[in-house]
Each structure stands twice: as C-alpha cells, then as structure tokens.
Amino acid sequence: MNVALTGFMGCGKTTYGLAASRRGNIPFADLDDAVLEAHNAARPDMQCGSITDIFARMGEGYFRTLETRTLISLLSGGGSMILALGGGAVVRDENKAVLRQHCR
C-alpha cells in the first residue's frame, strides 16, 4: 500500500513522512526531490539546484509535466511507499487519478 501525504508547502509532509517511514520500515520518497533528480538526469546541459530553479528556468508547464511523469514512475514500481507530494501536485486532474489508483 502506498500512502501519499499532501498539504501546503512547509507543513511537514517530508518530516512526518520520514518519521512514518522509519517507524513502519517503509520506503519514503519526496516527489519534489524526485522531480529535481529526474530533471537533472534528463537535462545535463541545464542543471537546477531546486524546484524554484526549474520553475524559473523551464516554466511551470515543464515542471508540472515532469512532476506527473515522475509521480507515475514512482508509483508504478510496485511495493509500498510513503510519498510526500509537492504542494501543487494535487491540482492536476491526471495526478489525482494516479493517486486515487495507487495511494491512500
């Protein structure tokens, strides 16, 4: 079973996700960290150091598309995980459908 944590930026999704992960011995992932890693792997010519960098350099459309692809990739790996979502991840209908299918 996957558990997705959502809420406003800075509300503690990563902090609580990591604590639950340790307590339940379940893998943890932070979607923003995974998106940043995916961007830097795909674009060695345009490395970014943060999500803010990606927004500024590539635009929100690019970020949201990469966020959706990364979310699908993380959740299609099988197994269980605790996933901290970015603050705006649940805005996109495609993401909501993926989350409903794969998470609690």
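Which residues are linked in a network of salt bridges? I found E60, R64 and E67; a salt bridge is a side-chain nitrogen of Lys or Arg within 4 Å of a carboxyl oxygen of Asp or Glu.

I noted that this is a predicted model, where local features need pLDDT of at least 70, side-chain atom pairs count only at pLDDT 80 or more, and totals for chains, interfaces and linings use all residues. Residues are numbered from 1 along each chain as its sequence is written, and side-chain values use heavy atoms, with hydrogens and water left out.

Entry on R64 and E67. I looked up their salt bridge and found the closest N and O atoms 2.9 Å apart. R64 and E67 are three residues apart in helix α4, so about one helical turn separates them (helices are DSSP runs of H or I, at least four residues; strands are runs of E, at least two; both are numbered from the N terminus). R64 is buried at 18% relative accessible area, and E67 is buried at 1% (buried is under 20%, exposed over 50%, partly exposed in between, with a 1.4 Å probe and protein chains only).

Entry on K96 and D93. Their side chains meet in a salt bridge, 3.3 Å from N to O. Both lie in helix α5 (residues 93-102), three residues apart. K96 is partly exposed at 28%, whereas D93 is exposed at 57%.

Entry on D45 and R43. I read 3.1 Å, N to O, for this salt bridge. D45 is exposed at 59%, and R43 is partly exposed at 25%.
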